[in-house]
Each structure stands twice: as structure tokens, then as C-alpha cells.
Amino acid sequence: MPELGPPPKSQSQSAPAPGNPARAAGPGAAARRPKIVGFLCDWAVSAEGIVREDGTMRDLPNVTLIKVPCSGFIRPSWLEFALKNGADGTFVCGCPLGDCFNRLGNNLIQDRVAQMRRRLERQKIQPDRVGTIYYGLREQEQFVAAVREFSDRVAQLPAPPPPPPARRPAGVSPATPADGSPSGPTPAPEEP
Amino acid sequence: MYRRLLASLLRWTLRLDVGINRVYPADFNPLYYTGGLSNLFLTILILSGLFLFFYYVPSYNEAYTTVQYISERVPYGQIIRGIHRYSADGFMIVILLHFFRNWFTERFRFSRDEPWISGMMLLVFAGFIGVTGYVLVWDQRAELLVVMTGNALAAIPAVGGWLRNLLFGGPGLTNLLLPRMLFLHVGPAVLLYVLLWWHYVRLRHPKVWPPAVWTLFSLGVVLLLSGLIPAASQPQASPTTPPRQLAVDWLFLLPYVSLKYLTPLWLIVLATVIIVYGLYIPYQLPETRAEMGLRESGIAQVIDANCTGCELSYYDCPYNAIVMAPSPHPGVTKAAQARKLLAIVLESRCVECGICIGACPFEALELPHFLEQDVQAKVLTACRS
């Protein structure tokens, strides 16, 4: 992916300058595609045919999907971790609400993400950078459309103030930030 | 072959869901609440049944007249009888929907065989209660049902006649018949609640009630039906004019219709095969995750040092696989020092879904083959690329 190398770095700086007109222009938009990390439940939308070998989506190379056993498995701190390590947006995809294979996983993650958005607001990060999407096994087209819409919405957001420490863990080995960095999972007790 | 059939049935089920979700918000999709709806109908049945029980006399001569008395003389008796009648049909429809839906979406996997098996028993008993209910009315259809059941049971070699006498209190139509039927109508209805306990015992926060919209809708439909099409009996049963025609109720009396084409013994063999197969469904497909093409995350592990005994994972685990035990020793981290309880994962119930990991704010749980570090490493590579 030659075009994927530079964008994550340049986009956050270049985003405020061209602003929305560049986005509306269409073809120029590829230069500032937001980096998006998505968590995808094993039982929700089938990843067959929409994901490349390295986990990026075929239609949206700026979106990387990470498969998890259930949407309820995700700790909100991982979404925060992604945001602090250079992702412009993260989302969780689960089964349709009320139809979770593991019964209530998607309702749980919905509540947790709702709480997390309030937390992000206090940290001056736009809560719209975090999203939840719910689609069933065969609804791949709708899922791709929803991800595209989410990606477009994230692209419209003004860039966050670049925090210097947030760049640091990206250079360190993956194991270290889990223990040492302040950007790692913050134990924030949640209501049951 | 079976696998391909199941896959196409799953596709149709999901297509139906998508269609309904287009009309309603997903939270109100009635197909997501078939279990709650059957509980609703069961409650209606119990309440209306209690009302009917006050008036019903289970004797050979009086049963029919008391049912007529309920219909014609008791205030709102006809309506209550209709409610009992039509909510029984509704009950059967929604539990069949529940059965097929959970079959096609494979919700019998892993540790969910107990809800499945108790559900099969609930289904069988619900059908049985429906048939005894038809006998209690003691019209010509009831008499025909008793005769047909007696013949079918008598066709079982060796124990058949004995079974028939056990069920009906003797050969032919005796005065013991209706008291027995009344007990076999009410007794198994109580048993349904015992089985429901078994049905729910491994589930945390089972959806036992549909949304208010669907509660009101079902009540409305049942009321409307009982007003528009009053539930009526057939002519009174009398030994002198034995009935020839069976007035069919397709939901409960299907086995009796099939007696037209099958000999009684074949019917009993077929019914046994169907029930046994139903109980076998959860064990039919390969159970291991590798054969299903699923990841092996491993059974969730509690990290003793971090657990604070806060019970959050205990509340969120969908299959009650986490229990809280008195803590034998304090934990290591500051938050875990003063703990009174310790979470314990029951391996046989864990389905490796990882919901407890998302629930735990103290990093005291992990899936051994899919650790937090693994997820963070994936996130980092995704962010760097």
C-alpha cells in the first residue's frame, strides 16, 4: 500500500487547512483519508470478501478491521488506545441490537461506548470519533456503506490538538505501552 | 448436506429479520422476542385458565354443561373462554417460531444445550396440555380424541393396554377420565414453570417479556379474535352417536390428522423419533471451534492479583459462567487489597465470548489466546500502516 504510508502523518496537520471544500471536491479527498480502526464481531457481518489479508477493507483501504469474538469483548480503553496512537476514528460493529449471538454483548458495548463518549468530551476529543455499527451476517453492503459514512463524518471533524506524548508509544514495541504508557487502558469503573 | 440446509435456512431467517428491521427499529423486532412473547401468552393462559377453573366440573355428565354455562351465563365468560382458546394458539405459534429461530441461528451451540433441551420438553408438554384442553370440553371432538389416543396407545406392543388404562383410568370411557384430564391439563401447566426455571437458569438477564407495544398488540389480537369468532364446542359427546369427523386444529391436533395416513404404531414411532432428534440437535454438528472455523480464544481466566470482587463480570456474563466466591486471600493491586469476593470461571459454561473482559475495569480477566496485548498490537500495526 504505497499511498497508505504518508497519509496518517500528513492528514492530521493538513486537515484543518483545506477544510471541508476539499472533502466536497471528491477526487482530492483521497489525500486526507482518515485512519480508522474498526472492531468486528465474529458473529456479525461476515468479513469474507470485504477484507484484505492485512485486515484493511477492500473498498476503504483507510479502514482496518480487527476481528473479536464478540462486540462485548471490547474494552472502551482499547478504542481510546487507538485514538491516542494515531487513529482518527474507531468503531465497533456488532450484531443487530437484540439479536446478539451471545445474547447481550452488543447492548453492553453500546452502553459502554455511550459512557466513553462522555469521557472523551471531558478530554477534549470529539466523541464522534467513536461509533457503533450493528449489522447481521449477510448485510455486507449496508455495513460497507455505514463504514464509509462513518469515515466521511470523521474526515469532516477538525483535527484534534496534536498531543506530543501520544506519538511516543507508536515507536515503542507493542508490549511496552500496555504496561507503561499513560495512554494505556485507564481503569474507569463503570456501572453494571 | 445438513450443514448446507442449515446455512440456507439461516440466510432466510436473517433476510426476514432485515425485512422486519426495515419496518421497526431493531429493538422492537418481534422475532427477537419470541421467548418473551411465549411467556406473555403463558401468563394470559394461566390467568384465564384460573377463571375457567372456578366454574368447570370434571364429571362425565356435567363437563359439557358447565362449559356451556361459562359461555352463556357467566359475565364475560365467552370472552374469557375465547382468550384461553386463542392465546393457546398464539402460545403454540410463538414457541414454534422460537424453536425454529434458535435452531436456524444455531443458538444451541457450546454451553447452550441446557436451554435447548428444556425448551424441547416445554414444547412437548405444551402440545400435550393443548390436547388435554380439547378433551376437557367433552364434546364430540373430545370423545374422538380419547378414542384415537386409546387406540394409538393400545398399538404399542406389550405395555400399550396398560398405558391406556393408566392414562384414562380403565378401558373405555369411565368416570375417572375427566378428573384425570383436568389434572393432566393443570399439572403439566405448573410443570411448565419448573421447566422454565431450567430454561432460564443458565442465562443472565433472559428476555422474559416483549416490549410494551407487542404485549398490547398480542392482547388486542387475542381479545379481538375472541370477540369476533367466539370459541364454541361441538355437539355434546354421547356414546350412542359416535362422531365420525374430526374438527381439526392444526396447531395441536396435527398428530391426530396424520392418523388418517399412518397406523397408530407408526405414528408413535415417528413422534418418538422426532422428539429424540430434537433433543439430539445440539450435539449433531461438530462441536470444536476449529471444525467450525472459529478462533480458539481459550476459556476466560481470572487474574487473581487484580480481581477486586466487584461482581461486574458476574452481572454481565451471559451464561452465568462466572460465580463469586469468598476470597481466600487479598489481591495484589491496591484496588484488590480489601476484596471480600473473588470471581471464578466455571469452565463448562464458558463460551469464550470475552464479554467478561469488556466488563472488567480492573484487567482481572483475560482470554488466554487473545490477550489485551494482542489486541493492542493489532491496533498499533493498524495505526502505523
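1. The largest pocket. About 1600 Å³ of space lies in the largest pocket of this predicted model. A pocket here is an open set of points on a 1 Å grid over the protein atoms alone, with protein on both sides within 12 Å along at least five of seven lines. Its volume is the space filled by probe spheres set on the points, which are joined across faces, edges and corners. The pocket is lined by 42 residues; a lining residue has an atom within 4 Å of a point. V124(B), F128(B), P255(B), A271(B) and I275(B) lie nearest the centre. Several elements of chain B give two or more residues to this lining, including α4 (77–104), α5 (113–136) and α11 (264–280). Helices (H or I, at least four residues) and strands (E, at least two) are DSSP runs, numbered from the N terminus.

2. What the pocket lining is made of. The lining has 36 nonpolar residues, six polar and no charged. Ala, Val, Leu, Ile, Met, Phe, Trp, Tyr, Cys and Pro count as nonpolar, Asp, Glu, Lys and Arg as charged, and the others, Gly among them, as polar.

3. The cavities. A cavity is a set of points where a 1.4 Å probe fits but cannot get out. There are seven cavities of 30 Å³ or more. The largest cavity holds about 770 Å³ of space. Of its 36 lining residues, G35(B), H98(B), N102(B), H199(B) and L203(B) are closest to the centre. Helices α2, α4, α5 and α8 of chain B each give two or more residues to this lining. By class, the lining has 19 nonpolar, eleven polar and six charged residues.

4. How to read the model. Residues are numbered from 1 along each chain as its sequence is written, and chains are lettered from A in the order in which they are written. In this predicted model, local features need pLDDT of at least 70 and side-chain atom pairs count only at pLDDT 80 or more, while totals for chains, interfaces and linings use all residues; side-chain values use heavy atoms, with hydrogens and water left out.

5. Chain A. Chain A has seven helices and four strands. Of its 192 residues, 56% count as buried. Buried means under 20% relative accessible area, exposed over 50%, and partly exposed in between (1.4 Å probe, protein chains only).

6. Salt bridges. The whole structure has 14 salt bridges over all chains. Each is a side-chain nitrogen of Lys or Arg within 4 Å of a carboxyl oxygen of Asp or Glu. One joins R295(B) and D42(A) (3.0 Å, N to O). This pair crosses between chains. R295(B) is partly exposed at 22%, whereas D42(A) is buried at 16%. Within chain B, R109(B) pairs with E106(B), the closest N and O atoms being 2.7 Å apart. R109(B) is buried at 2%, and E106(B) is buried at 14%. D99(A), D17(B), R101(B) and R107(B) are linked in a network of salt bridges.

7. A158(B) has a positive phi of about 70 degrees, although it is not a glycine. A158(B) sits in the loop between α6 and α7 of chain B and is exposed at 85%. H205(B) also is not a glycine, and has a positive phi of about 50 degrees. H205(B) lies in the loop between α8 (177–201) and α9 (212–228) of chain B and is partly exposed at 45%.
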